[in-house]
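Subject: Structure for your review

Dear colleague,

Please find below the structure that I am handing over to you.

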Amino acid sequence: MSQVHTLVATLKQELKARGLTYADVAQGLALSESSVKRQFAESRFTLSRLEQVCELIGLDISDLVQKMEAGRKRISTLTEAQEKEIAGDPKMLLAAICVLNGWLFDEIIATYSVSEHEGIQLMARLDRLGVIELLPLNRYRLIVASDFRWLPGGPIQQFFQREVQPDFLKSRFQGAGEKLLFRNGMLSRGANAEMARRMERLIADFNELHVEDAALPLEERFGTSLLVAMRPWEFGFFNELRREPGEKRF
């Protein structure tokens, strides 16, 4: 849904909340009721007309925009079918990752082998999925929730585990900006749960820094991946040396 249609939908909700009908609006604006119905149906308002309707119900246009933003439903996950659509098309996955990382449309087509026509089609598909809202001049607004995540074990995670993770780990992690830490120890179930909570906080810190840097020029930002993993686990060779067969269960 375009921003104009969303704004008009919000205006309709405000009229209903105040018990006002199209007939009331028509009377207040000295228009025919059919004319008012047509303008709402087609979402065709001049700025001055929109201001008149807002005044009629006691709102500023800025108030209406704030209500629209507050009422916008932001998704935190996609469905499995939606993720399959993205994972099944490399350019679609590229576009999704780029918009989630704050790339401009022109930056995407200038950096990658994606034509302007292809780029517009990809953005339209992301708009349909509810990831972005398309705006004029190939601009967009990211409308997923701040805690948006791929489905655990879903098509995107499966793709990353199969195709991306091996490539990511194929490094000595000794270059600029690289770091790999591995620790082994013995934790109780309570300590394991506490460590999991701290891992969640680390990811939240990563996301916060990502948002803070979003305003920087693209040349000052670098695609950065952080893998945080933990599981009760024993190296297979050690397990084979146990006197009692079978892995110790968590």
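This is a predicted model: local features need pLDDT of at least 70, side-chain atom pairs count only at pLDDT 80 or more; totals for chains, interfaces and linings use all residues.

Residues are numbered from 1 along each chain as its sequence is written, and side-chain values use heavy atoms, with hydrogens and water left out.

Two packed helices are described by the angle between their axes and the distance between the axes. Helices here are DSSP runs of H or I with at least four residues, numbered from the N terminus. Axes are lines fitted to C-alpha atoms over the stretch in contact, with angles from 0 to 180 degrees between N-to-C directions.

The axes of helix α2 (residues 22–29) and helix α4 (residues 47–56) cross at roughly 110° and come within 10 Å. That makes α2 roughly perpendicular (65 to 115 degrees) to α4. The crossing of α2 with α4 is right-handed, a term for a near helix turned clockwise from the far one by less than a right angle. On the α2 side, D24, V25, G28 and L29 are in contact (heavy atoms within 4.5 Å) with R49, Q52, V53 and L56 of α4. The residues of this contact comprise 4 nonpolar, 2 polar and 2 charged; Ala, Val, Leu, Ile, Met, Phe, Trp, Tyr, Cys and Pro count as nonpolar, Asp, Glu, Lys and Arg as charged, and the others, Gly among them, as polar.

For α2 and α3, the axes come within 8 Å and cross at roughly 110°. Helix α2 is therefore roughly perpendicular to α3, and α2 passes α3 in a right-handed crossing. Here Y22, A23, V25 and A26 of α2 meet E33, V36, K37 and F40 of α3. This contact divides into 6 nonpolar residues, no polar ones and 2 charged ones.

In helix α3 (residues 33–42), the residues S35, V36, Q39 and F40 are buried (under 20% relative accessible area, with a 1.4 Å probe and protein chains only; over 50% is exposed, and partly exposed lies in between). Seen down the axis of α3, these buried residues fall within an arc of 130°, so they line one face of the helix. The arc is that of the directions from the helix axis to the C-beta atoms. Just after α3, S43 takes a positive phi of about 55°.

Helix α6 (residues 80–87) has E83, I86 and A87 as its buried residues. Their arc, seen down the axis of α6, is 95°, so they line one face of that helix. They pack against α7 (90–100), α9 (116–129) and α10. The face of α6 turned away from the buried side carries the exposed residues A81 and K84.

Individual residues

T10, in helix α1 (residues 3–17), is buried, with a relative accessible area of 7%. Not counting residues up to four places away in sequence, T10 touches L64, K67 and M68.

R18 lies in the loop between α1 and α2 and counts as partly exposed at 35% relative accessibility. With the exclusion of residues up to four places away in sequence, R18 touches I57 and L59.

G177 is found in the loop between α10 (155–169) and α11 (189–212), and it counts as exposed at 88% relative accessibility. The C-alpha atoms of G177 and F222, which are 45 residues apart along the chain, are separated by 10.0 Å.

Key: Helices (H or I, at least four residues) and strands (E, at least two) are DSSP runs, numbered from the N terminus. Angles under 35 degrees count as roughly parallel, over 145 as roughly antiparallel, 65 to 115 as roughly perpendicular and the rest as oblique.
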